[in-house]
Amino acid sequence: MTPSTERGSPVKRSEAKWLHTLYMTHAETLYRVARYRLGDPDRARDLVHSVFLAASEKVSLLRTHENPWAWLLRALNYELSHEFARLEKERKALPLEELREHPLPQPPPSLGLAEVLPAQLSPREREVLLLYYEEGLSYQELADRLGVPVSTCGTWLARAKQRCRALLSNSPGFPTAR
């Protein structure tokens with residue numbers, strides 16, 4: 001089955017290859033975030049697939065997006081918010097006895113990246129990651145905002161990513177195997 005665009009026509013081979021690379025690069029991280037937020041590995045996997053289905057429908061626009069990773073995170077947050085709304089609706093429909101026996105997980109207070117980032121990150125590391133991933137700023141925009149050269153900004157971002165990755169991979173809430 002070939003992915004399709006918004007108009008229902010097949011995705012070009014180059015777009016499919018680009019989307020596959022995007023999936024291979026980011027799917028595991030998105031899965032870890034979704035699983036951490038939901039506590040359900042199967043549902044987390046479904047949400048990640050929904051994100052990439054949406055990406056396949058907008059692949060021609062996403063390829064030109066300045067920060068596809070930020071787009072994927074926003075799409076996952078959108079899917080998570082809908083999932084928590086669905087869970088709440090299901091919870092309200094349950095009889096009280098069943099609610100007492102099997103309470104449903106409550107959504108976290110916020111679905112922003114700030115709540116997912118490890119607390120051990122420095123304020124600068126958090127700021128750089130949030131500006132890059134949540135606000136989707138380019139290196140030049142980051143450098144302008146932080147008042148540093150672009151090369152310094154790139155170094156800070158690379159170090160913040162590396163430290164965040166190390167902290168998340170050692171976190172008990174993020175599984176190392178699917």
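The largest nonpolar core of this predicted model contains 44 residues. A nonpolar core is a set of buried Ala, Val, Leu, Ile, Met, Phe, Trp, Tyr and Cys residues joined through side-chain atoms within 4.5 Å; buried means under 20% relative accessible area, with a 1.4 Å probe and protein chains only. Leu30, Phe52, Leu72, Leu76, Leu129, Tyr133 and Leu142 have the most contacts inside the core. At least two of its residues come from each of α1, α2, α3, α4, α6, α7 (123-134), α8 and α9, and α4 gives the largest share, nine residues. Helices are DSSP runs (H or I, at least four residues), numbered from the N terminus. Phe52 is in contact (heavy atoms within 4.5 Å) with Leu19, Leu22, Tyr23, Ala27, Leu30 and Leu72, leaving aside residues up to four places away in sequence.

Helix α1 (residues 13-38) has a bend of about 45° at His26, taken as the angle between axes fitted to the seven residues ending there and the seven starting there. Buried residues of α1 include His26, Leu30 and Arg37. The elements covering the buried residues of α1 include α2 (41-57), α4 (68-93) and α9.

Helices α8 (residues 139-146) and α9 (residues 150-169) pack at about 100°, with axes 8 Å apart. Angles of 65 to 115 degrees count as roughly perpendicular, and α8 and α9 are therefore roughly perpendicular to each other. Residues making this contact include Leu142 of α8 and Trp156 of α9.

Residues are numbered from 1 along each chain as its sequence is written. Local features need pLDDT of at least 70, side-chain atom pairs count only at pLDDT 80 or more, and totals for chains, interfaces and linings use all residues, while side-chain values use heavy atoms, without hydrogens and water.

Definitions and conventions. Axes are lines fitted to C-alpha atoms, for helices over the stretch in contact, and angles run from 0 to 180 degrees between N-to-C directions. Angles under 35 degrees count as roughly parallel, over 145 as roughly antiparallel, 65 to 115 as roughly perpendicular and the rest as oblique. Buried means under 20% relative accessible area, exposed over 50%, partly exposed in between (1.4 Å probe, protein chains only).
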